[in-house]
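Hi everyone, thanks for making time this morning. Please have the sequence and the 3D view open while I talk, and stop me whenever you like.

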Amino acid sequence: MSTNHYVALPDSSRVPLDGARAIGPAHPQTPLTVTVYLRRDPAAQPRPDVYELALQAPTRRVLPTDDQYAATHRWLDTDLKAVEAFAAEHGLKVENPNPLARSVQLTGTTRDVSDAFQVTLARYRYQDAKGNPRTYRGRVGQIFVPAELDGIVSHVFGLDDRPIGSRLLIRRPADAAPVAHTAATVRPGAFLPPQLQAPYAYPAGTDGSGQCIAVLAFNGETPPGVPSGGYSLDALRNYFVNVLHQDMPDITNVVIPGVGTPGNDPGQDSDFETADSSGEIMLDLAVVGALAPKAKIVVYFSRFTEQGWVDLITRIVNDTENRPTVISCSYGNPEATVGSRWTIGAMKRVDAACAGAAEKNISVCCASGDDGSRDQVDDERAHADFPASSPHVLGVGGTRLVVRQGQVVSEVCWDDGPGSRTGGGISAVFPVPAYQSGADVPPSADPPHAHGRGVPDVSALADPQTGVVVPSVDGMHFNQIGGTSAAAPMWSALLARINQGLPGSAQVGFLDPLLYTKFATGVLRDITRGSNGAYASGPDWDACTGLGSPGGQGLLDGLKAL
């Protein structure tokens, strides 16, 4: 294959997924849609320093208008025309141009798309963590663009559709699950989500009114006709009305175009990494809806692929119709390594979208993982989970919580042993952010013991042994569930309620800089016992539980006093 007059896209290199082998070429006539991201207009005004913005008191931040944000992030019309000419040359259809995201989708046959970007696409087979055979369309090496598009096209996603984004939930063993559909049996030590309001001091008199919480939802790769993930309105309505005795929350769906997602497609869920993700979505909606019952919840559906991830988070940040104030993410995978799921390019693009959220004063809460410091990688090394390792999000770790009569008896790092312990660690991709400079973040446990962004920032209940009881998608049963994907929506709901409690229209936004510089002690509950394998909990920040678990009222009071 000739690459004359073509240049490689930076950070686009791929190798096969660990254990995967090619089983044949991708079918040349199958329709294929890729998303192309363009550079920012070099003459546009500089983007604001989001760290400086976040250090300002929420009540005194000056935020860009929609027009100002669009002007700062604009593309060049001539750049778009150059991509359109390239598409026409290769017989590709141009769809879904998005000026705010600086993205456009190109659709054609697999042969035409692969020829356009000078890649060879093949089908690969591998086994998932449960030993089940899975396949994906993949590539090896870099993506190429014509020399005249060098520096104009920054990223191309959708050629490789290997699954990205494992669900970060863990169920208690099956003997804990089925009960009558109008009453949930809460075993000693477990919680219905509203029972967390007292121990975590969710601010009194708040319920999320006036806030919009974005919930990430992914459809898994399932056989034709088999549901790939979603939620049941009837099951949730029964849970909120008959079990929690609350009103049904306001839930809206948004489907990301061009990534092959069916949207809300509920099934029976499974533990397979690429299969139906209904259990995860039901957990997120149950926790967010119970703890911020008057917030508007918008569920954004996409696919478990790089393209699905990047297009999803970019769409949420630039949604001027729903205008989310908090984003809740309960999925992740280890940072990019050889044979991994993420490319460095995709991680940088997702992080850039999260930085855009910070510019818009939107909080992003991400689960830090459920497999300790190894993070589902069998190489005897420590790994941080992404997107929790993005320096522009609030990474959320997990604890084991014991409460009696509404009072906390103990809270320790969630550590039930390998396969059931909080994620956390040191990023191998992102450097130590300025706000962590005083947090005594240790070097990585791995040689050469480099310094990097420390994860998580905060923590909350995640141990399935003291987990939350939420409905099954069938509406007839309830499950006791843990994992940091339970902790992340707890923090998302909390920040929505703190937003409501702030004066005027102020929002928490990107919390990390203020959290580390103003509230590192005395506001959150410091977790000092336990470990996640390579890292141990201790006083102050640690790579297991961050700065600690919620002290909601104290955090609100502190933000109001700035």
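I'll go from the whole chain down to a few individual residues.

First, the ground rules. This is a predicted model, in which local features need pLDDT of at least 70 and side-chain atom pairs count only at pLDDT 80 or more, while totals for chains, interfaces and linings use all residues. Residues are numbered from 1 along each chain as its sequence is written, and side-chain values use heavy atoms, with hydrogens and water left out.

How confident is the predictor? pLDDT is its confidence in each residue, from 0 to 100. The protein chain averages 92, and 94% of the residues score at least 70. Please be careful with residues 173-179, where the pLDDT is below 50. Beyond near neighbours in sequence, that stretch has 13 contacts in the model, a contact being heavy atoms within 4.5 Å.

Now the overall fold. The protein chain has 11 helices and 25 strands. Those are DSSP runs numbered from the N terminus, with helices (H or I) of at least four residues and strands (E) of at least two. The radius of gyration is 22 Å, close to the 24 Å that the globule rule gives for 562 residues, so the chain is as compact as a globular protein of that length. That radius is taken over C-alpha atoms, and the rule is 2.2 Å times the number of residues to the power 0.38. Along its principal axes, the C-alpha trace spans about 70 × 50 × 50 Å. Among contacts between residues at least 6 apart in sequence, 80% join residues at least 24 apart.

How much of the chain is buried? Buried residues make up 61% of the 562. Here buried means under 20% relative accessible area, exposed means over 50%, and partly exposed is in between, using a 1.4 Å probe and protein chains only.

That takes us inside. In soluble globular proteins, nonpolar side chains tend to be buried together. The largest nonpolar core here has 121 residues, and Val468, Met490 and Trp491 touch the most other members. A second, separate core of 28 residues includes Leu32, Val36, Phe86 and Val145. By nonpolar core I mean a set of buried Ala, Val, Leu, Ile, Met, Phe, Trp, Tyr and Cys residues joined through side-chain atoms within 4.5 Å.

Helix H9 covers residues 484-501, and 16 of its 18 residues are buried. From its first C-alpha to its last, H9 reaches 26 Å, close to the 26 Å expected at 1.5 Å a residue; the expected span is 1.5 Å times one less than the number of residues. Leaving aside neighbours within four places in sequence, the contacts of methionine 490 include Leu196, Tyr200, Val287 and Val468.

Helix H5, residues 233-243, has Ala235, Leu236, Asn238, Tyr239, Phe240 and Val243 as its buried residues. What do they pack against? Their partners are strand E13 (250-255), helix H6 (278-291), strand E24 (468-471) and strand E25 (478-482). Just after H5, histidine 245 takes a positive phi of about 60°.

There are other backbone details to look up. Aspartate 11 also has a positive phi, near 60°; this residue sits in the loop between strands E1 (6-8) and E2 (21-25). Its relative accessible area is 33%, so aspartate 11 is partly exposed. Glutamine 118 is not a glycine either, yet its phi is about 55°. At 14% relative accessibility, glutamine 118 counts as buried.

Which peptide bonds are cis? One of them runs from phenylalanine 386 to proline 387, with omega near 20°. Another joins valine 455 to proline 456, with omega near 0°, and proline 456 is in the loop between E22 and strand E23 (458-461).

Let me finish with glutamine 436, in the loop between strand E21 (425-426) and strand E22 (454-455). Is glutamine 436 buried or exposed? With a relative accessible area of 1%, the residue is buried. Its side chain reaches the backbone nitrogen of glycine 454 at 2.9 Å. Apart from neighbours within four places in sequence, glutamine 436 is in contact with Val441, Arg453, Gly454, Asp457, Tyr516 and Trp541.

That's my tour, and I'm happy to take questions.

Technical notes:
A polar contact is a pair of N or O atoms within 3.5 Å; within protein, one must be able to donate a hydrogen and the other to accept it, and residues adjacent in sequence count only if both atoms are side-chain atoms. pLDDT is the predictor's confidence in each residue, from 0 to 100.
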